[in-house]
Amino acid sequence: MSAPVRAAEAGLVGCHVCGLVVAAGDAQALGCPRCDSELQRRKPNSISRAWALLCAGLVCYVPANVLPVMHTMSLGDTNGGDDSTIMSGVIQFWQNGSQEIAVLIFLASILIPSTKFIVLGILLVCAGRRRSGRAVPARSVRLVRLYRFLEIIGYWSMLDVLVVGLVTAVVQFRGVSEAEPRVGIFYFGTVVILTMLATQSFDPRLLWDGR
Amino acid sequence: MRAHPELIACMSCDTVNRRPRLEPGEVAVCAACGGTLLRGHKSVQQLAALALTAAVLYLLANVTPMIGIDLSGRHSDTTLWGSVLAFTDHVTAPMALVVAMAIVVLPGLQIAILCWLSLFTLAGKRAPLFTDLMRAWQSLRPWCMVEVGMLGILVSYVKLKSLFHVDVGVGIWAMAGLAIVLTAVFPGDVQSLWSELEPSTDRDADPAAAAGPLPRSGPG
């Protein structure tokens with residue numbers, strides 16, 4: 001099999017909006033002839049944008065896990081009710097006999113966000129490193145698989161935010177049993193959004209570019 | 001500047017591949033990195049049918065209660081919108097906006113755009129605002145979280161069941177149907193609308209372009 005031709009080397013650009021391949025030459029300022037979008041060889045400032053968003057996410061990650069996400073109060077509570085954090089929610093499910101749900105929440109709220117930080121960090125380091133020659137394709141293929149995995153799992157972390165919304169909306173028996181959201185869920189939702197934006201900003205084609 | 005409709009560039013690794021003609025259900029993968037290049041897309045009729053089904057389910061899911069609980073003779077239930085409003089009274093108010101976007105506003109917009117584009121294309125006309133709406137659809141899609149919302153309802157059900165008598169509303173079935181219908185709409189199905197109304201010279205590779213110097217494969 002002959003070596004694959006890469007669009008950038010052949011003077012071609014694939015439009016990121018409509019997918020049309022255009023021979024752009026140096027006339028990159030011109031828009032896509034089909035959809036008039038700006039033609040981009042690579043996503044602009046991909047690596048620095050992704051790093052910035054990832055770091056911001058990491059900052060919010062601490063209060064997201066430490067601060068309570070929900071407050072519940074029921075009749076007879078002498079201590080003014082209970083605060084639960086992300087992790088204590090998982091433990092509560094486990095102790096109530098819903099082990100499957102405990103595992104599910106653990107995956108969505110703890111494992112997926114931490115995986116995103118680690119994997120995107122690895123991708124950014126690998127894509128940003130200067131290479132003397134061409135990138136090793138086999139390694140890049142493995143890395144790009146990780147990237148596609150990140151894109152798929154990203155938004156499932158929103159699960160806990162939606163659960164807090166539904167539970168606090170429905171548990172509204174004034175004076176008997178009430179639930180309220182707490183600020184931790186705000187930080188948690190922010191982590192999910194920032195890491196999704198970071199993943200979107202990253203351009204996997206950089207893994208192949210020798211620089 | 002020349003367009004090459006007979007080629008496709010891999011968005012994962014930038015390799016240029018020939019754009020294959022696929023039957024629905026077939027998938028073309030990139031020769032270099034194995035990523036999905038293209039899926040055999042649905043017909044415009046199928047896309048329009050899915051869009052209209054989604055619209056009906058969306059309306060049902062938004063007006064009927066999702067989940068309800070009983071406690072000593074008192075009843076409380078919530079709709080999707082209720083779970084948005086739950087955030088508004090507290091320091092968590094910005095999350096109300098996020099949840100509203102993720103499970104109510106953006107899915108609604110996505111479905112409306114889909115109906116608009118597919119019905120106009122079905123009628124053989126280019127929809128007004130075609131380009132803007134195609135672009136909007138593409139950027140909205142990652143932020144529509146109907147499937148996550150569905151899972152959230154199931155988790156909430158289990159969470160509440162240990163404390164209350166829980167009943168499920170009609171909304172939960174509409175939401176489940178909506179999650180399935182929206183999952184069935186692949187990005188490629190919508191992308192195919194770009195070439196649907198173009199003259200056939202663009203679809204079938206133009207001989208002059210095919211003989212051009214660029215698609216030639218070879219070392220380097």
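Two strands are said to pair if DSSP finds at least two bridges between them. Strands here are DSSP runs of E with at least two residues, and helices are runs of H or I with at least four, both numbered from the N terminus. Under this rule, strand β2 (residues 21-23) of chain A and β1 of chain B pair in the antiparallel sense over two bridges.

The model is predicted, so local features need pLDDT of at least 70 and side-chain atom pairs count only at pLDDT 80 or more, while totals for chains, interfaces and linings use all residues. Residues are numbered from 1 along each chain as its sequence is written, and chains are lettered from A and ligands numbered from 1 in the order in which they are written.

The contact between the chains comes next. It takes 67 residues from chain B and 65 residues from chain A, two residues being in contact if their C-beta atoms, placed from the backbone, lie within 7 Å. On the side of chain B that touches chain A, the elements giving two or more residues are β1 (2-3), β2, β6 (67-71), β7 (74-78), α2 (80-85), α3, α4 and α5 (146-161) of chain B. The largest share of that side, 10 residues, comes from α5(B). By class, the side of chain B that touches chain A holds 39 nonpolar, 22 polar and six charged residues. In this scheme Ala, Val, Leu, Ile, Met, Phe, Trp, Tyr, Cys and Pro count as nonpolar, Asp, Glu, Lys and Arg as charged, and the others, Gly among them, as polar.

Five bridges join β6(B) to β7(B), which run antiparallel, and the bridge partner of B:Leu71 in β7(B) is B:Arg74.

Chain B as a whole has 10 helices and eight strands. Of its 220 residues, 38% count as buried, a residue being buried if 20 or more other C-beta atoms lie within 10 Å of its own, exposed if 12 or fewer, and partly exposed in between, with C-beta atoms placed from the backbone. Among contacts in chain B between residues at least 6 apart in sequence, 57% join residues at least 24 apart.

B:Asp14 is not a glycine, yet has a positive phi of about 75°. This residue sits in the loop between β2 (7-9) and β3 (16-18) of chain B, and counts as buried because 29 C-beta neighbours lie inside 10 Å. B:Leu129, also not a glycine, has a positive phi of about 65°. The loop that holds B:Leu129 runs between α3 (93-122) and α4 (130-140) of chain B; with 14 C-beta neighbours inside 10 Å, B:Leu129 counts as partly exposed.

Chain A is divided into domain 1 (1-41) and domain 2 (45-207), the bounds coming from an automatic or database domain assignment. The C-alpha centres of domain 1 and domain 2 of chain A lie 35 Å apart.

Strand β6 (residues 177-181) of chain A is largely enclosed by the rest of the structure, because four of its five residues are buried. Five bridges join β6(A) to the antiparallel strand β3 (residues 70-74) of chain A, and A:Met73 has A:Glu178 as its bridge partner in β6(A). Strand β5 (residues 172-173) of chain A also pairs with β6(A), in the antiparallel sense over two bridges; here A:Phe173 is partnered by A:Ser177. β5(A) and β6(A) form a hairpin with three residues between them, and A:Gly175 in the turn has a positive phi of about 85°.
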